[in-house]
Amino acid sequence: MSPTAQAAPMPLNDQAKAAAVAVSLGDDRSAGVYYQHGRLVVAVTDEGAAAAVRNAGGTPKVVEHSAAELEAVHGKLDELAGIPNTSWGVDPSSNQVSVKIYDGVSSAERARIERVAADHGDAVRIERRPGKLERTAYAMRGGLGIVSVDYMCSAGFNVQNDSGEKFMLTAGHCVIGGNYTWFRYSGNIKLGSQVDWSFEPGDWAVIDYTNPDVAPYGTIQYKDGSEGQITNSRWASDNEKVKRVGTVSQDLDGMVLDPSVTVTYDDGATLYNMIETSLCVRHGDSGGPMFTGTTALGINSGGNYADQPCGNTDAQPDRVSFHHPVQDVLNKQDLKVY
């Protein structure tokens, strides 16, 4: 009677089981799991480890660099983390750390990456890739342009309720005439619709972000593209220094002239408890944020000479503007900046 033949192991087709085999060998003898031609492959560093993979029903490939070595290289590159338009990580199928450098990386930053890569020989592969790396979500910050129908205003502060739902503040007069659904001016990206507003006696509106592809950040954006974080809010104080940003212009050198005034505009609209400042404003800046440091103070309503240029930082003693107190809106709507 012939001896019974030893049964062959079942093919290793389960990714979790293949990963478990690699783990059992240790990071010094394995180098990851990957698919090749529809089949799982376990990378190993010696023939003994390869035999263990075969005995488990898997397909081994003997490679030069272990998982431990490649992760160490990855860690060295992570010391450079923060360079925009770059990515790197361990690629088991090539048995290398793959570094990708996209458009927008300066020659100096590229040289920093290349110096680290050179220390590790063929364990690192550098590729140049076209385009810039951008979030798929559309960023939205205070001061950016917003449009509805044919009307343009400025985003004020991004705020949230206790549940974390995000909203945008802007001027109430911006929604008059049915301008209830708003889009980002750049790209015409839908943002959301107004949920509450007031014009006479105040001038504010709350827009609910209904587009899940929009990322509302708790920042304001200056005209040069840089950002400033907003962390808190309060009522304005007389004579304090303030700044303002809008989609058309900015004025970063002003002060509160009166923290609570009654103002009647040229068209007869009368507003109460408004903040009067020495900041200049232009048409289209309505709704934009007025602040000091990281503190939200007001929502722009209007001013004089709104058809004339603003000087950004130079003193303009003939200019004034009016802002609805942001703390008033936050208190009424149970909202807060973030």
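Reply: A definition to begin with: two strands pair if DSSP finds at least two bridges between them. Helices (H or I, at least four residues) and strands (E, at least two) are DSSP runs, numbered from the N terminus. This is a predicted model, where local features need pLDDT of at least 70, side-chain atom pairs count only at pLDDT 80 or more, and totals for chains, interfaces and linings use all residues. Residues are numbered from 1 along each chain as its sequence is written, and side-chain values use heavy atoms, with hydrogens and water left out.

Me: Ok, what is the bridge partner of V147 in β12?
Reply: F183. Strand β8 (residues 145-148) pairs with β12 in the antiparallel sense, over two bridges.

Me: And how many bridges join β12 to β13?
Reply: Four, and the two strands run antiparallel. T181 has S193 as its bridge partner in β13. The hairpin of β12 and β13 has four residues between the strands, and G187 there takes a positive phi near 90°.

Me: Which residues are on the covered face of β12?
Reply: W182 and R184, while T181 and F183 are on the uncovered one.

Me: New topic. Which residues of α3 are buried?
Reply: A67, L70, V73, H74 and L77. Buried means under 20% relative accessible area, exposed over 50%, partly exposed in between (1.4 Å probe, protein chains only).

Me: Where do they sit on the helix?
Reply: Seen down the axis of α3, the buried residues fall within an arc of 125° (taken from the directions from the helix axis to the C-beta atoms), so they line one face.

Me: Why would that happen in a helix?
Reply: An α-helix has 3.6 residues a turn, so residues three or four places apart point the same way.
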